[in-house]
Amino acid sequence: MANDSYDADLIVIGSGVMGGLVAASLAKAGKKVIILEAGPRVDRREIVETFRNAPVKLSLANAKLQGAGSPFPSLPHAPSTYGDYLQYEGPVKYNTSYLRVVGGTTWHFGSALWRMIPNDFKLQSLYGRGRDWPIGYDDLEAYYNRAELELGVTGLDGQDESGQGGGPMPPRSMPFPMEQLNSSYMFKTIAEKLSVGGFNPVLEPHGRASRPYGRRPVCAGNNNCNPVCPIGAKYDGSMHIDEAERHGAKLLDNSVVYKIEAGDDGKITAVWYKRPDNSEHKLNARYFVLAAYGIESAKLLLISTSSKYPNGIANSSDQVGRNLMDHTGISMNMLTKEDMWPGEGPTELLVYLNQRDGAFRKDYPSYKIKVRNTVPTAQMTEGFIKKGLLGSKLDAEIRKYSARSLNWAIDFEPLPLPENRVTPSKTKFDALGLPVPVLYYSVTDYWNAGRDRGLEDLNKIAQLLDAEVLSTDVKWQNRQHVMGTTRMGDDPKDSVVDRDCRTHDHSNMFIAGTSVMPSASCMNPTLTGAALSVRIADTLLREI
Amino acid sequence: MPPYCGFFESPSVKAVLFRYSSTARSVVIGLFAACSLVGTVCAQDASRPQAELIARGRYLAMAADCAACHTAPEGGQPYAGGYGIQSPLGTIFSTNITPSKVNGIGEYTEADFARAVRAGVAKDGTHLYPAMPFTAYAKLSDTDISALYAFFKNEVKPVDQASRKTELPFPFSIRASMAVWNMLFLSNERFQPDAARSADWNRGAYLAEALEHCSTCHTPRNLFMAEDTRSALSGGTVGPWSAPNITSDKTSGIGGWSDAELLQYLRTGHVAGKAQAAGPMAEDVEHSLQHLTDADLRALVTYLRGTKPVASSDKQPRYSFGKPSASEASLRGLPGQAPAENGFHVFSGACANCHQADGSGNAHYPSLFNNTATGADNPDNLISTILFGLNRTVDGVPVFMPAFGPDASFTDRLSDKDVADVSNYVLSQFGNAAVKVGPEDVARVREGGRKPFLALAAPYIAPIAVVVAVILLVFIGLVVARGRRRVAPA
């Protein structure tokens, strides 16, 4: 329990899903918990209204590419990643976007919540690529269950999520907490047409409620998973923050942590944070959990330098900030000859995982093919008007394209490369005088091989759907899946945290989030991060 | 939160029971006598096949909606109690009525059971609070009591789990006061069929008055919280919720509903263009009404059609207000700082996603016009729905509206002012524009609704009693002293 000389039993840096899970768990056990969040609290209805009032309504990546911004606030002390906050270096632009608000980036995630499959943990030993995890699927299975219950995952039991159309995979000891949503007309039609070509349809497990789940209503198919679920049917991290606060945790918003301090014995002694007025504050605790997103967590460790820790905190291995990964992908737009009606139901559900696992992984990366279920009407219409279409011709084109244009995308498994990394800028600083993150990113021929193989699949899909290919984008699309920057390993010389997510260098500090993933698979990483966070909470409950 | 249902026992008041007035004692003795009669009747019925009796009891228990209060929400064991019923006098916890010998009614004879259900007195003599609708159940026939007893004894799984003790504040903590209350307000008469009416009507009357206990919520209560039978079914309050007038009155009641609409409402809790069941009525539909046979539901409709019309203050039927609103186009994008606009902004951000910007709803969500919650002459159900949400599962399909009150996540929680503003926007655009809501109304609903006289008077009852006692003592002292003085010279 809290000793008088400590401000808290546990300080959690970052109020997203990862920090929220740990904070709620510890607060429920009666521990004194303080959560520090750089950004402000937001109200759902205000975000919804800002989005509604915005003239441009696009998916996350497009919104950023076109400078449309985000309905979430951008404040001088916590600038939005949609603006010019992030700096990019290297051959590939790591054009990501995450949210600096209470509840974190899951506010705008599509809510895919996949488990990895057992082979994903053994990439090096099975296929000679990337890195193995120090733990395996069996070590995480029970925590996947608990994370699925915590986040409220909707899924289809008995599916082969390795994409081979076989028996249940990965093995599960618990059914999904909620039954899968009904498939829309488009998903059903596509699944039928592609099965002829050997594409095994898989329905994505996700965080949208299919029955009332706690306070969450049933997903109504608003098709608005990002930037914000207007009815709170989709999970986001604010829900665990709310639970933590109800159990006594204290949340300090607009509190930007800029320094972590360690003593001579290696233990973390305090964190320093700044308020928007640039005032500096210090807090200490028995334990610390860093859960500030793969980019901010790495940056914070790297700027926490001192004479004893010249490379920053938790960085004796020099791996902090390195091995930055993302499911860097490609996409293709196509026009079918019959109406498909994208836009009914949630923004994503149907995926193809034929290339999720196999001996090919020594030659090209594992990948996931998805069809986006977003509404293309506004974007299409803008194009038609630019072309000079008017009146009934315009109407006819809108009708045709809104019903028939499909967007397909592929996410590839990246390799951890030491040169791909997050560093604090030496030249650019935010309003508090803190360096902004610089992201260096590149891909290898392994990714290129995947791109070529993936394009073959997309063309085959166009053929099977009898669709005309409208455009193809192979320019390293960012998927906003940050991984690798504080990686896990048994050897303190080449990893940042151990198999329990405890930093090798500081026995009372853990890192929660997808940044600990040594390899990435090709699947959305949130649930894996959440399972690891539940596991961290268990460890903390034994020690505090 | 159905406010009224439950058995209650509290050993702490047993001592008080011995201080009964002789009148109360004779009432209790009378009840004992009545119960022994019941026992005789049951003995005769024992010849009926037991399985049929139990099946009948199962249906009756459902029609009487025992489970709604006697099963704790979110995974409570069936009939093991523990549901906190919000009464205006404090939270009353329902008891374990499984046949557990330790914590339930395992040791109850049928006579004990009958006395508890119909007279509100537990086996050990403690009085039940009228959260248990024994004034309605008093009308249950002996044969139905037998069937219920057979069901509870033989089919309900015993659960050895004590339910939470009810601890109402003084003076309501004195359960013996219920003896006096029962003397005044409890009729020990069984249901008497009306020979002048159809069999269907009589069945409906029995269902409504004895089993479904409609009057428990829908009949207004007097100063002592007893039902005011002169204006039966003309509307009452149930904690924060308002139970509307359901008499046959064309304007204030259900006189303007078709038979088919009434039947659908009882069966599903929803009729588009009329009303939807929330709060305790949603629980009743979920646990009880949807499971009734069509014949019984039709009988209920026949009965409701034939009740004495009682007019309330409504000028037009509650469901007849409003139309789609076009204000979206003129208000969209405005700054939202002006007081009148806040209601629109809350509506647009928190309500319009489901109920649609023009308020007309869709196949899954009710319209906000032609809706009794927005057309009523008091805003309690509108405010309650916003604060507490709605949850009703019919035919296995949940109907759910999230709460925007204290249970909501901080990201969705609305202040009293926000609820008042959005209520006023909704009332002015879609409902009864004459009704206005202030933050103080929202605060009142948040705190459990309109307080009855007894609850308001509670803090003064003890001091008044003390003052009266002191005056009495002084008076007695004076009389005695005078007497002594008079005696002294002798």
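Reader: Which strands do the buried residues of α8(A) pack against?

Author: The buried residues of α8(A) pack against β8 (256–262), β11 (285–290), β16 (421–429), β17 (435–440) and β19 (509–511) of chain A. This is a predicted model, in which local features need pLDDT of at least 70 and side-chain atom pairs count only at pLDDT 80 or more, while totals for chains, interfaces and linings use all residues. Residues are numbered from 1 along each chain as its sequence is written, and chains are lettered from A and ligands numbered from 1 in the order in which they are written.

Reader: What do "buried", "helix" and "strand" stand for here?

Author: A residue is buried if 20 or more other C-beta atoms lie within 10 Å of its own, exposed if 12 or fewer, and partly exposed in between, with C-beta atoms placed from the backbone. Helices (H or I, at least four residues) and strands (E, at least two) are DSSP runs, numbered from the N terminus.

Reader: Why is α8 of chain A said to be largely enclosed?

Author: In helix α8 (residues 294–303) of chain A, 9 of the 10 residues are buried, so the rest of the structure largely encloses it. Among them are G294(A), E296(A), K299(A) and L302(A).

Reader: And how many helices and strands are there in chain A?

Author: Chain A has 12 helices and 19 strands. Of its 544 residues, 55% count as buried.

Reader: Which domains does the assignment give for chain A?

Author: Domain 1 of chain A is 1–151 + 236–325 + 417–443 + 484–544, and domain 2 is 159–234 + 329–413 + 444–477. These bounds come from an automatic or database domain assignment. Taken over C-alpha atoms, the centres of the two domains are separated by 28 Å.

Reader: How many residues does each domain put into the contact?

Author: Domain 1 of chain A gives 39 residues and domain 2 of chain A gives 40 residues. Two residues are in contact if their C-beta atoms, placed from the backbone, lie within 7 Å.

Reader: Which helix supplies the largest share on the domain 1 side?

Author: That is α5(A), with 6 residues of the side of domain 1 of chain A that touches domain 2 of chain A. By class, this side divides into 23 nonpolar, 9 polar and 7 charged residues. Ala, Val, Leu, Ile, Met, Phe, Trp, Tyr, Cys and Pro count as nonpolar, Asp, Glu, Lys and Arg as charged, and the others, Gly among them, as polar.

Reader: Turning to chain B, how many residues of chain A are in contact with it?

Author: In this contact, 23 residues of chain A meet 21 residues of chain B. On the chain A side, α2(A) gives the most, with 6 residues. That side has 9 nonpolar, 5 polar and 9 charged residues.

Reader: What is the secondary structure of chain B?

Author: Chain B comes to 20 helices and 8 strands. Buried residues make up 48% of its 490 residues.
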